[in-house]
Amino acid sequence: MAKKFIDVMDTSFRDGFQSVYGGRVLMNDFFPAVEAAKTAGITHFEFGGGARFQSLYFYLREDAFEMMDKFRSIVGPDANLQTLARGVNTVMLDTGSKELIDLHAKLFKKHGTTTIRNFDALNDVENLKYSGERISHHGLKHEIVVTMMDLPPGCHGAHTVEFYEKTLRDILDSGIPYDSICFKDASGTSNPHKVYETIKMARGIVPEGTHLRLHTHETAGVSVSAYMAALEAGIDGIDMAASPVSGGTSQPDILTMLHATKGLDFDLGGLEIDKILTYEKELQNCLSDYFVPPEATMVSPIIPFSPMPGGALTANTQMMRDNGILDKFPDVIAAMQEVVEKGGYGTSVTPVSQFYFQQALNNVMQGPWKAIAPGYGRMVLGYFGKTPVAPDPEIVKIASEKLNLLPTTENALDIANADYTKSLQNWIDKLKEEELEITEENIFIAAACQEKGIAFLKGKGELNVRKISEMKTDCEGSSNMGNGNYTVVVDGQKFSVQVAEGDANIQVTAVDGEAVATPRAPATASAGDLEIKALLPGNVWKIVANPNDKVNDGDVIMILESMKMEIDVVATKSGTLKSINVATNDKVVEGQVVAVIG
């Protein structure tokens, strides 16, 4: 009897990069490994989308569409190249309008994509309808998703086999066109028994011949067991990665699964151990100069208590390193359980995983529920769809008050469609204002990445890649320091120093917040004046008020960007705004005076 053929998708170049390096791998560094993977017989790759779309513009000064084109040219026309999309968010930071959702599918088809895996973190099927229809309309294969995780101990109400059956039946009843169905566990917390029962349930209700897949991570240490359970239950495809971007926070290694299935009636993609060994050696060589954060390779037994996806965990720790607050990471993970429980049990996968992390960070840095992360607040208020269970009423009340928004049951796509800032014309106008070329690609880059997308298109994108050779050079005292923030000590006093190429406006700030360089406006307060200080390190994203404006207690003065969060800096008394001490795009440290109210 012939072995059952299991389709293997190699996630190394998307989820693997995201999970281990926060998505920060330059294309020309890894393309030789793509050629090696092709030679090894791999024909199904995850090659873009998800957070790997924005990371190229945010950190690499690279164009995701150019990367996708070059990837396709290497693997040839017949390979199945897959990307990841987040329902009505696609690959954007926020919910998209119908125009932007359609443009996403059109452009990804144009730039070499075969299949789009399409999920909604809330398992709200309404959020998959239009995006799925446009994916199919543009000639792409649509892989629709049920998102999974285990709830923290003591929590009940969702993420059971019965919950997944209801979600799957809603998908089947909706009429959404699809080519395959994936059960996606980004945090790797679903226990193997539940995986087995879920796949058995699905196999019993989907039409005969339906291709079923499982995606998981090794973060909680049960990924191989979960895959073995899924294989026994009748799965048709699984996702794996290659060393050094496998295991730990990423997918199980291809070699590991080939070993685990020895002697069983499963053929994993026709792959051969010797050829995979050669491919993995090439990938290891390509990435040998990249710094591997120690947490990226760890398996954590506490992740089921605070489900943090592998792809988000390393991205967040990298940002915490950048902002000098990595010591707070264990506290943030510990704070996540309450945030998950009170937030309505959306699956911990982007963007909800980021909402959870942002709110947990707020609770750690500013006190429990003293500040509401905008994404988390909008989620519990219903602006992204219906959560699996109703959020905690007290948290809904706090979010409504903090964000000045009422709860809603309106369809998330309808809300986005009514927002002019999410229209194509709005982004065409912004490109014109910046004297940038009007192309569909540029429109989407600007809409998806906003200010950072515009900066990339103007040639001002940030380069933030951690390479061992550059880190060694920095430690040896070379003048070729990498761009970024550094802490130096002068006469026993710590200073935060921003280092950048060329003639950039460099900021030097004392760690306790007092300005060292000449400020743009008076940085200190007179008697009776009030200094407004940054609560977290980050960048000045937008300045809302101007000097001499009258402000009331609670008015937003400016918005910082930190850890993918928009953090409101508010007036803490009524008065006249005497000075704004920073400019847009400035980096600030915790405690730095950013404004003065008289």
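Which residues have the most contacts inside the largest nonpolar core? They are Phe13, Phe71 and Tyr279, in a core of 169 residues. A nonpolar core here is a set of buried Ala, Val, Leu, Ile, Met, Phe, Trp, Tyr and Cys residues joined through side-chain atoms within 4.5 Å. Helix α19 (residues 440-457) gives the largest share of this core, nine residues.

Before going on, note how to read the model. It is predicted: local features need pLDDT of at least 70, side-chain atom pairs count only at pLDDT 80 or more, and totals for chains, interfaces and linings use all residues. Residues are numbered from 1 along each chain as its sequence is written, and side-chain values use heavy atoms, with hydrogens and water left out.

**Stop 1: the core**

Select Phe71. Leaving aside neighbours within four places in sequence, Phe71 is in contact (heavy atoms within 4.5 Å) with Phe13, Phe30, Phe31, Val34, Phe45, Phe47 and Leu81. In soluble globular proteins, nonpolar side chains tend to be buried together.

**Stop 2: the whole protein**

Zoom out. The protein has 20 helices and 20 strands. These are DSSP runs numbered from the N terminus: helices are H or I, at least four residues; strands are E, at least two. Of the 598 residues, 58% count as buried. Buried means under 20% relative accessible area, exposed over 50%, and partly exposed in between (1.4 Å probe, protein chains only). Among contacts between residues at least 6 apart in sequence, 73% join residues at least 24 apart.

**Stop 3: helix α7**

The whole structure holds 25 salt bridges. Each is a side-chain nitrogen of Lys or Arg within 4 Å of a carboxyl oxygen of Asp or Glu. Select residues 161-174, helix α7. Arg169 forms a salt bridge with Glu165, with the closest N and O atoms 3.0 Å apart. The two lie four residues apart, about one turn of the helix. Arg169 is partly exposed at 39% relative accessible area, and Glu165 is partly exposed at 26%.

Now pick Lys166 and Asp170. They form a salt bridge too, with the closest N and O atoms 3.0 Å apart. About one helical turn separates them. Lys166 is exposed at 53%; Asp170 is partly exposed at 31%.

**Stop 4: a buried pair**

Select Arg213 and Asp239. Their side chains meet in a salt bridge (3.0 Å, N to O). The pair links distant parts of the chain, 26 residues apart: Arg213 is in strand β7 (residues 211-215), Asp239 in strand β8 (residues 237-240). Are these two residues buried or exposed? Both Arg213 and Asp239 are buried.

**Stop 5: a loop**

Go to Thr95, in the loop between β3 (80-85) and α5 (98-110). Thr95 is buried, at 5% relative accessibility. Not counting residues up to four places away in sequence, Thr95 touches Val88, Asn89, Phe384, Ala412, Ala416 and Lys422.

**Stop 6: an open sheet**

Last, select β13, β20, β18 and β15. In that order they form an open sheet with antiparallel pairing; strands pair if DSSP finds at least two bridges between them. β13 (530-533) and β15 (550-551) stand at the edges, each with a single partner strand, so one side of each has no neighbour in the sheet. β15 and β18 (residues 575-580) pair over two bridges. Finish at Lys550, which stands opposite Thr576 in β18.
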